[in-house]
Amino acid sequence: MATLVPARDESINFDTTENLIIEGDNLETLKLLQKSYLAKVKMIYIDPPYNTGNDFIYPDDFSESLETYLRYTGQVDAEGRKFSTNTEADGRFHSKWLNMMYPRLFLARNLLRDDGVIFISIDDHEVQNLRKVCDEIFGEENFLAALIWNKNHSAQAGIFKLYHEYVLAYGRNREHLRTPRSIDNAVFIAGAMKKESTRHSMQNFRFPKGTRFDAPDGMELNGAWGEAERVELREGRMLCRQGMLAEDVVLRAAFTQLNQMQEYFYGDRDSLVDSRGQRVKEFFFTESGKLKIAKERSVFTPSTVGNWGTQGDASNKLAALFGGTLPFDTPKSTKMLLDLTQWFTCAEDIVLDFFSGSGTTAHAVLELNKQDGGERKFIMVQLPEPLDPNEPKHKSAYEFCVANRLKTNIAEIGKERIRRIIKKQNADGAEATVKGTPRPELFPHAESGDLVPPRSLDIGFKVFKLQSSNFKAWNTEQPKDDAQLVKQLALHTDHLVEGRSQEDVLYELLLKSGFPLDTKVEKIILAEKHVFSVAEGAMLICLDMQLTTDVINAMAAQKPERVICLDAGFAENDQLKTNAVQTMKAKGVIRFQTV
């Protein structure tokens, strides 16, 4: 059994922030988040350790060395000689990595909303195998794209030079996804006619006098024009006067926007939008007599090739943030994460990264919220893998941690990065209310005309650490003697682990009760006892070891939906516990629980 315990001293704005940094194994963490965050996460991005043949550190039976694995699978003899000359290309090379990934992706899918998306960075070593695993977990029909990060920087790899990495994109339910919204709503021009075909047949349409005609004054087109996109003049004169049609004309062509043309010229043009919700601004003719449509871009279709800078660019920006030290040699591009987050999240969406590393995802969320006034929240999960000063890839990070009096592990680097981003935003004035009236497209569920109240940017994070449960495990073995029986029975009332605080127990109860870790909690006084009020009084938790009739009555009088107390609080008064049950029931408390 495990839980997440708060670390206030490592957090920023613990009582007000909704951002989370969780330090611990991501498999156990994902299990703990299942109840509280089921179908609540809008976007997941992960950059898992690539399967390059090196060992990766995760404590769920995947941490043994290569030598140990080869020995107990019979691939080497007693002296360590391999029986096979091709073991790296054998099952172990891929299956071990995939066995690590599968349960994590399976649990991650449960956390995604129906309109949620997941992005997974990967290189050539496992992209095909990962695609098969994701097809099984998320469904082939929910595959969105294999994005390519064009690093524009080569790395020698045998015969070819590598310029790219992949980002696999899947939706929880593709039918619930929509095309990303445009950032600037810029006006763009598109053609409104095609070559004649079975899909686009030739049809007549009357264009009224005054339609825009971008041609020299007095220019006139006669008969028919255009080659592939042929246009025939059926009635009137195609004559330009002061940039407009001088009179009504009937043209025959393979029009692609016939219904919208009818509405624009002879209906309600002010509310006219296309099938993608883009506002139609105008239909007009070019000098060559082709019909064009001008639309206000409200959606954006991203390219599968992303030019998010080189690996060197990402490294230089991270090094600049750390005063010239580069703690990671292959950080992900913040610009890439900014784009992915901007395309698929809005308002108060939750973004999860359970291989958070240096904290690029959290960095992008904070930056994007600052840019557009959004209130996205991040959940970062990272194993506190120790930094080895003798390992070349860890050396600079280790030295940085020592110089700055930080714990020498990878999770600490990520936390320090976000602290520095927050410090920079504070210096820029981000602590002030900068939201004003947020962009309405960020809040798609708001009623038309509603104004979302301005709020300050959330520039903080709560730190939680994976620990064993605050409650002692019950020993299911048959007691061997009376002393062991007495000790076992004592767990009924004395079952808290020594050294844990009330706040540690509080957050374990929140998770078990299905409340998110960012739930608002207030510490109030009722009948001279400290009581935690959860979600504005929806649940009350009293962890006092000496409960009284007065505090029971006071909590019941608040009429919460649920009340939790420690069983140890009733240890010397069974009658009080019996009365408490009846009191809660009489006051309409739906559930009264002791732990």
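This section describes the secondary structure, nonpolar cores, aromatic pairs and salt bridges of a predicted model.

The chain comprises 14 helices and 26 strands, and 49% of its 595 residues count as buried. Its accessible surface amounts to about 29600 Å², with carbon and sulfur atoms accounting for 48% of that area. When contacts between residues at least 6 apart in sequence are considered, 71% of them join residues at least 24 apart.

In soluble globular proteins, nonpolar side chains tend to be buried together. The largest nonpolar core of the model contains 61 residues, and those with the most contacts inside it are Ile44, Leu105, Leu130, Leu352, Phe354, Leu517 and Ile541. Helix H3, which spans residues 91-111, gives the most to this core, contributing eight residues. Apart from this core lies another, of 45 residues, which includes Ile21, Val117, Met336 and Ala362. For Leu352, the contacts beyond its neighbours within four places in sequence are with Leu30, Val41, Met43, Ile44, Tyr45, Leu111, Ile379, Met380 and Val381.

Within strand S23 (residues 529-534) lies Val531, a buried residue with a relative accessible area of 0%. Once its neighbours within four places in sequence are set aside, Val531 is in contact with Val551 and Met555, and also with Glu522, Lys523, Ile524, Leu526, Leu540, Ile541 and Cys542.

Aromatic pairs number 22 in the model. One of them, formed by Phe119 and Phe344, is tilted, with 5.7 Å centre to centre and 55 degrees between the planes. This pair links distant parts of the chain, since Phe119 belongs to strand S4 (residues 112-122) and Phe344 to helix H7, 225 residues apart; both Phe119 and Phe344 are buried. An edge-to-face arrangement is found for Phe205 and Phe255, whose rings are 6.4 Å apart centre to centre with 65 degrees between the planes. Because Phe205 lies in strand S9 (residues 203-207) and Phe255 in strand S15 (residues 249-255), the pair ties together parts that are 50 residues apart in sequence. Phe205 counts as buried at 5% relative accessibility, and Phe255 is likewise buried, with a relative accessible area of 5%. Phe205 and Phe255 belong to one aromatic cluster, together with Phe207, Phe213, Tyr264, Phe265, Tyr266, Phe283 and Phe285. Charged side chains also lie over aromatic rings: Arg269 is placed over the face of Tyr264, at 3.9 Å from the ring centre, and Arg212 over the face of Phe284, at 4.0 Å from the ring centre.

Side chains of opposite charge can pair when their charged atoms come close. The structure holds 34 salt bridges, among them one between Lys415 and Glu10, in which the closest N and O atoms are 2.3 Å apart. Lys415 is located in helix H10 (residues 410-427) and Glu10 in the loop between strand S1 (2-6) and strand S2 (20-23), so the pair ties together parts that are 405 residues apart in sequence. Both ends are buried, Lys415 at 1% relative accessibility and Glu10 with a relative accessible area of 10%. Lys415 and Glu10 are part of a network of salt bridges that also links Glu23, Lys407, Glu412, Glu416, Arg419, Arg420 and Lys465.

A salt bridge also joins Asp47 and Lys332, with 3.2 Å between the closest N and O atoms. This pair likewise links distant parts of the chain, 285 residues apart, with Asp47 in the loop between strand S3 (41-46) and helix H2 (66-72), and Lys332 in the loop between helix H6 (311-321) and helix H7 (334-344). Lys332 is buried, with a relative accessible area of 6%. A salt bridge within a helix is formed by Lys31 and Glu28, at 3.3 Å from N to O; these residues are three apart in helix H1 (residues 26-33) and are therefore separated by about one helical turn. Lys31 counts as partly exposed at 44% relative accessibility, and Glu28 is also partly exposed, with a relative accessible area of 30%.

Conventions:
Residues are numbered from 1 along each chain as its sequence is written. This is a predicted model: local features need pLDDT of at least 70, side-chain atom pairs count only at pLDDT 80 or more; totals for chains, interfaces and linings use all residues. Side-chain values use heavy atoms; hydrogens and water are left out. A salt bridge is a side-chain nitrogen of Lys or Arg within 4 Å of a carboxyl oxygen of Asp or Glu. Helices (H or I, at least four residues) and strands (E, at least two) are DSSP runs, numbered from the N terminus. Buried means under 20% relative accessible area, exposed over 50%, partly exposed in between (1.4 Å probe, protein chains only). Contact means heavy atoms within 4.5 Å. Accessible areas come from the Shrake-Rupley method with a 1.4 Å probe; for residues, only the protein chains shown count as cover. A nonpolar core is a set of buried Ala, Val, Leu, Ile, Met, Phe, Trp, Tyr and Cys residues joined through side-chain atoms within 4.5 Å. Rings of Phe, Tyr and Trp (its six-membered ring) pair if their centres lie within 6.5 Å; planes under 30 degrees apart count as stacked, over 60 as edge-to-face and the rest as tilted. A charge sits over a ring if NZ of Lys or CZ of Arg is within 6 Å of the ring centre and within 35 degrees of the ring normal.
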